[in-house]
Amino acid sequence: RSITAAAIMKLFKGTRVFYEIHNITENRLAKIIHKSLWRQFDGLVVISQGLRKTLEDEGLFSLVAQDAVDLGEFTGISRIAARKKLSLSLKTRLVVYTGSLYVRKGVYDLAAAVKQIFSKNVQFLLVGGTDGGQDVAAMKEYLQKNKIENVILPGFISPQIIPFYLRAADILVLPNSAKVKESREYTSPMKLFEYLASGVPMVATNVPANTAILTHKVNAYLVPP
């Protein structure tokens, strides 16, 4: 997955190198260098159909391998047990998002929507953020500035605890932004597969990265980004 490591390994005679691509840089010089290196590797693996199509337009063949989850991590967890473990109310309706809190993830659009549906009986959980916490701090500042009150920010959470937050939810939200190509076309969100594995109803934005997997009113409710 590291282009530098892949390039170094290719220098060793007889070494076959397969490189996994998660995004394509917008930096013009870096893009030229990357494309030159990609042609030297023995194989390319991409995480989405959007990436495969972009590489195909450049005359490069790649294998698509979407992200995935261990289904066993989501079995045997009831909604009541999950809420009790997390000390969450059994009466409140919970809307949950998990993942990092960057703008491209659409979480600020979600936060803006939260303000329009304020209710004491509905609680929003934006679970996660990066280990460093900068995105959590920025979101906290945004919520305070805009007086959005019914949102809980637990902060960075161990992956082992995420299934409990998902199973505790009434609705899960996947709000990928359409403004950034990575979020719109290239990504293969781990949370998408975690959401599906949890079996909880999902609201997701209607962007190619999501619709490659999701179908409206079949396994998600798709809405305009």
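These legends describe close-up views of one predicted protein model.

The model is predicted, so local features need pLDDT of at least 70, side-chain atom pairs count only at pLDDT 80 or more, and totals for chains, interfaces and linings use all residues. Residues are numbered from 1 along each chain as its sequence is written, and side-chain values use heavy atoms, with hydrogens and water left out.

**View 1. The whole protein.** The protein has ten helices and nine strands. Helices (H or I, at least four residues) and strands (E, at least two) are DSSP runs, numbered from the N terminus. Along the principal axes, the C-alpha atoms fill a box of roughly 60 × 40 × 35 Å. Of the 225 residues, 42% are buried. Buried means under 20% relative accessible area, exposed means over 50%, and partly exposed lies in between (1.4 Å probe, protein chains only). Now take the contacts with a separation of 6 or more: 64% of them join residues 24 or more positions apart. Contact means heavy atoms within 4.5 Å.

**View 2. Helix 5 packs with helix 6.** Two packed helices are described by the angle between their axes and the distance between the axes. Helix 5 covers residues 107-116, and helix 6 covers residues 134-145. Their angle is about 25°, and their axes are 11 Å apart. That makes helix 5 roughly parallel to helix 6. Axes are lines fitted to C-alpha atoms, for helices over the stretch in contact, and angles run from 0 to 180 degrees between N-to-C directions. Angles under 35 degrees count as roughly parallel, over 145 as roughly antiparallel, 65 to 115 as roughly perpendicular, and the rest as oblique. The crossing of the two helices is right-handed.

**View 3. The residues between helix 5 and helix 6.** Helix 5 brings Val-107, Tyr-108, Ala-111 and Ala-112. They meet Asp-135, Ala-138, Met-139, Tyr-142 and Leu-143 of helix 6. The residues of this contact divide into eight nonpolar, no polar and one charged. Ala, Val, Leu, Ile, Met, Phe, Trp, Tyr, Cys and Pro count as nonpolar; Asp, Glu, Lys and Arg as charged; the others, Gly among them, as polar.

View 4. The whole structure holds eight salt bridges. A salt bridge is a side-chain nitrogen of Lys or Arg within 4 Å of a carboxyl oxygen of Asp or Glu. One of them joins the side chains of Lys-35 and Glu-58, at 3.0 Å from N to O. Lys-35 lies in helix 2 (residues 28-38), and Glu-58 in the loop between helix 3 (49-57) and strand 3 (63-64), so the pair ties together parts that are 23 residues apart in sequence. Glu-58 is partly exposed, at 33% relative accessibility.

View 5. Glu-56 pairs with Arg-52 in a salt bridge, with the closest N and O atoms 2.9 Å apart. The two residues are four apart in helix 3, so about one helical turn separates them. Glu-56 is partly exposed at 45% relative accessibility. Arg-52 is partly exposed too, at 25%. Lys-53 forms a salt bridge with Asp-57, with the closest N and O atoms 3.1 Å apart. Lys-53 and Asp-57 are also four residues apart in helix 3, about one helical turn. Lys-53 is partly exposed at 42% relative accessibility, whereas Asp-57 is exposed at 54%.

**View 6. A salt-bridge network.** Salt bridges link Arg-79, Arg-83 and Asp-170 in a network.

View 7. Asp-70 sits in the loop between strand 3 and helix 4 (79-85). Asp-70 is partly exposed, at 47% relative accessibility. Its C-alpha atom is 8.6 Å from that of Glu-194, 124 residues apart along the chain. Phe-18 belongs to strand 1 (residues 18-21). Leaving aside neighbours within four places in sequence, Phe-18 is in contact with Asp-42 and Gly-43.

**View 8. Two lysines with positive phi.** Most residues other than glycine have a negative phi. Lys-147 has a positive phi, near 55°. Lys-147 lies in the loop between helix 6 and strand 6 (151-155) and is exposed at 66% relative accessibility. Lys-217 has a positive phi, near 65°. Its loop runs between helix 10 (208-211) and strand 9 (221-223). Lys-217 is exposed, at 65% relative accessibility.

Methods: Left-handed = near helix turned anticlockwise from the far one by under 90°.
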